[in-house]
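Open the model in your viewer and keep the selection tool at hand. The tour moves from one selection to the next and says what is there.

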Amino acid sequence: QVQLVESGGGSVQPGDSLRLSCAASGRHFRIITWAWFRQAPGKDREFVAAIRRSTGATFYADSVKGRFTVSEDNAKDEMFLQMTSLKPEDSALYYCAESPVWGDQGIIARPSTYTNWGRGTQVTVSS
């Protein structure tokens, strides 16, 4: 199975920026959607952003819209999450995931849509 490995997390101050990366090992021809989720202690896993590999179409959670940007490098099988204007409430373990489907908001934002997950990278925002 393709392995997804996240990197780029760290501890930053409010207002700072971070760029997360997700590298995929192996080929995954049937994967249509890549996404980022996050999970803070004691909370459910939360959708952050998704990108459709064939078209570059993107979708964002309202909480990050305008601050985060998801992108990909298909040649290198990598996905990125550029995070700016970080807030303490952005602190969480960030996961990348992949899915063989794309759909409406209800489908894209649902964790069960995704068939493969990385182990996460920690982002901590505090002063």
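A pocket, as the word is used here, is an open set of grid points where a 1.4 Å probe fits, with protein on both sides within 12 Å along at least five of seven lines. Its volume is the space filled by probe spheres set on the points. Rolling a probe the size of a water molecule over the atoms shows where empty space is left. The model on screen is predicted.

**Stop 1: the pocket.** Select Arg38, Gln39, Ala40, Lys43, Asp44, Glu46, Pro88, Glu89, Ser91 and Ala92, which line the largest pocket. The space in this pocket comes to about 150 Å³. Its lining is made up of 5 charged, 3 nonpolar and 2 polar residues.

**Stop 2: Arg38.** Keep Arg38 from the pocket lining and clear the rest. Arg38 sits in strand 4, which covers residues 33–39. Is Arg38 buried or exposed? With a relative accessible area of 5%, Arg38 is buried, because buried means under 20%. Now show Asp90: its side chain makes a polar contact with the side chain of Arg38, at 2.9 Å. Leaving aside neighbours within four places in sequence, Arg38 is also in contact with other residues, including Arg45, Val48, Ser63, Phe68 and Tyr94.

**Stop 3: the core.** Next select Trp36, Leu81, Met83 and Tyr94, the residues with the most contacts inside the largest nonpolar core, which has 35 residues. Strands 3 (18–25), 4, 5 (46–52), 7, 8, 9 and 11 (121–125) each supply at least two residues of this core. Strand 5 gives the largest share, 5 residues.

Centre the view on Leu81. Which residues is Leu81 in contact with, leaving aside its neighbours within four places in sequence? They are Leu18, Arg19, Leu20, Trp36, Val48, Ala49, Phe68, Thr69, Val70 and Tyr94.

**Stop 4: two loop residues.** Go to Asp77, in the loop between strand 7 (68–73) and strand 8 (78–83). Asp77 is not a glycine, yet has a positive phi of about 55°. Its relative accessible area is 11%, so Asp77 counts as buried.

Finish at Ser85, in the loop between strand 8 and strand 9 (92–99). Ser85 also has a positive phi without being a glycine, with a value near 50°. The relative accessibility of Ser85 is 40%, and therefore Ser85 counts as partly exposed.

How values were computed:
Residues are numbered from 1 along each chain as its sequence is written. This is a predicted model: local features need pLDDT of at least 70, side-chain atom pairs count only at pLDDT 80 or more; totals for chains, interfaces and linings use all residues. Side-chain values use heavy atoms; hydrogens and water are left out. Helices (H or I, at least four residues) and strands (E, at least two) are DSSP runs, numbered from the N terminus. Buried means under 20% relative accessible area, exposed over 50%, partly exposed in between (1.4 Å probe, protein chains only). A polar contact is a pair of N or O atoms within 3.5 Å; within protein, one must be able to donate a hydrogen and the other to accept it, and residues adjacent in sequence count only if both atoms are side-chain atoms. Contact means heavy atoms within 4.5 Å. A nonpolar core is a set of buried Ala, Val, Leu, Ile, Met, Phe, Trp, Tyr and Cys residues joined through side-chain atoms within 4.5 Å. On a 1 Å grid over the protein atoms alone, a cavity is a set of points where a 1.4 Å probe fits but cannot get out, and a pocket is an open set with protein on both sides within 12 Å along at least five of seven lines; lining residues have an atom within 4 Å of a point. Ala, Val, Leu, Ile, Met, Phe, Trp, Tyr, Cys and Pro count as nonpolar, Asp, Glu, Lys and Arg as charged, and the others, Gly among them, as polar.
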